[in-house]
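Hi everyone, thanks for coming. Let me put a structure up on the screen, and we can walk through it together.

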Amino acid sequence: MKYEAMNQAIIKGVGGPGNVKSVVHCATRLRFVLNDESKADDDAVKNIPGILQLVKKAGQYQLVIGNNVEDVYNELADMLDLDNQATTADSGKDNRNLFDKVIGTITGSIAPVIPLLAGAGMGKVLLLILTLTGALSDKSQTYQMLNLIFDTGYFFMPAFIGFSAAKIFKTNQYLGAFMGLVTVNPNWTALVAAAKPVSFIGIPVQLVSYSSTLITAILAVWIMSYIEKFVKKITPGMIKVFAEPMLIMLITAPLTFIVLGPIANLISMGIAAVSMFLYEHAGFIAIPLLAAAYPWLVSIGIHKALSPISIQLVATQGFDPIIRVVALCSNMSQAAASLAVGLKTKNKQLRALALSSTVTAYLGGITEPAMFGVNLKLKKPMYGAMIGGAIAGLFAGFMKMKAFIYVTPGLLSLPMWVSKTENFVVLAIATIVIASIATFVATWLIGFDDPVSDETTKKEQAEADKVVTTKHTINSPVVGETRKLSEVNDETFASGVMGNGIAVIPSEGLVVAPADGIASAVFDTSHAIGIHLDNDADLLIHVGIDTVELHGKYFETLVKKGERFHEGQPLLKFDLEKIKAAGYDPTVMIIVLNTKDFLEVLPVPESNQSVKVGNNLLMLA
């Protein structure tokens, strides 16, 4: 497994498998709840390669990892056998205070569902764009099918939340999903639509629509966890296989409709009412204040507690005028602060980390690498980000911006600011510009203590920080047009099993050295070459799909194994036209074989962009 060594160190650092009560992940963090936090070795965890930061807050032991957190979590789940653990009784006593328990429950229940909601939301926006541009009619069957698909993500949200919450409450996850589904049963939605009085054993039942809600599911599953324990005690063993789930349904479902649902609905309405009041009457004050404070909420890991507000607003009002707006201002300010550090620092390692983190924050809104690796570590850039976020928030609040889907704000998610009747994309771009300029100027003027290493410690520091702070730029070895590696017509390369990288459709038949290095592997067929660059990147440059079948025809290797070369030196040439005439795809794949040695391998140009020899092609951080 790719992250086996890292996960073994994590498991040992948190006190062993028996000390893990639960663990979930969000966009950049592993969020552990430990049975005994004192058993964790904080210093050992902080020194694990790939861990950007350790945060202990809200009863969670949070490890900030970055964009590859999902891959790390998937392997960790297998190693800890988390699926089985989730259904066993919890023997550890929960010593967290009430606030930590509430925050932990909210983040634990929602975090696994957020990617689904974001994907469904972006799908709805895509559908909107297709109809607005006339590419698809909203009367067509294709539109109806796509709309059905993406609506499912939000309509059945109670089921997803119920399933996720059941894991947190250590109860049956399928019954948790069932409790969510009960509230969106077509028969219930028909009763609500009919608006005729409904009662259960003579008790009036409020007609509330629960589709696209989450608080009801969390409350229902919480109560169900206690009901399940009670039912298990009173049910005879010979009939428990059907009696237990039946009794749990029989007790919890009516209780949900009669008591829990109406209470949750009042809470949801209260959240929406307060949020809309702030939006209408104090948004120009509340949003800049929240934008200035938001980075600190992120730093202690409780910003996810605001997610229910945003999700509920989108589901009930159709838009979020506060939380996503605040997140946009804050995310772009973190990116700009990191950019200012990267351009001002004289420390090469810090510059590399800051610039690569800036790209991640601007594009995807993922700010943890910039925050924990740069801004928070240097402290003063955080003040610049607060100033810039507040200024951008003042503008956004005054302009009354709205986000129409729940997704992390960034450049790639700009469609989140569009609806059928309103378009705030231009204002979102203006907010990004304001946040960037204000933050950059503030950070530059405030300055920071530049951690320039002396000569005696540079080598040791660079080695220790290699995994998370070294950045290399790989130049293009060929002339042509870029493609995503996942788009190439070869499963081995497209799947990334050999490593991450990029593809180029060549327009000339020559491969040159992207930097100084040594030829580490040459092939008799001359269709590919392996090279080790002086910046420690191991590359495979592979010309064509299945061109090994040509047995070297139309190819010529220009260097020998072990031979040293210099940047721009020809390494391999091929007859492009004859290869295509022979029926072979000439796409050149540039693969970073030692991808695991880097935190990120990012394509620099977008897909379908022309590149020349020497243009930046890949960034390794």
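The crossing of H8 and H9 is right-handed, meaning that the near helix is turned clockwise from the far one by less than a right angle. This is a predicted model, where local features need pLDDT of at least 70, side-chain atom pairs count only at pLDDT 80 or more, and totals for chains, interfaces and linings use all residues. Residues are numbered from 1 along each chain as its sequence is written, and side-chain values use heavy atoms, without hydrogens and water.

So where are these two helices? H8 covers residues 157-168 and H9 covers residues 173-182. Their axes come within 7 Å and cross at roughly 150°; axes are lines fitted to C-alpha atoms over the stretch in contact, and angles run from 0 to 180 degrees between N-to-C directions. That makes H8 roughly antiparallel to H9, a label for angles over 145 degrees.

Which residues touch, with contact meaning heavy atoms within 4.5 Å? From H8 they include Pro158, Gly162 and Phe163, and from H9 they include Tyr174, Gly176 and Leu181.

Now let's zoom out. The protein has 22 helices and 20 strands, which are DSSP runs (H or I, at least four residues, for helices; E, at least two, for strands), numbered from the N terminus. Its C-alpha atoms fill a box of roughly 90 × 60 × 60 Å along the principal axes. Of its 621 residues, 52% count as buried, which is under 20% relative accessible area with a 1.4 Å probe, protein chains only. Finally, among contacts between residues at least 6 apart in sequence, 73% join residues at least 24 apart.

Technical notes:
Angles under 35 degrees count as roughly parallel, over 145 as roughly antiparallel, 65 to 115 as roughly perpendicular and the rest as oblique. Contact means heavy atoms within 4.5 Å. Buried means under 20% relative accessible area, exposed over 50%, partly exposed in between (1.4 Å probe, protein chains only).
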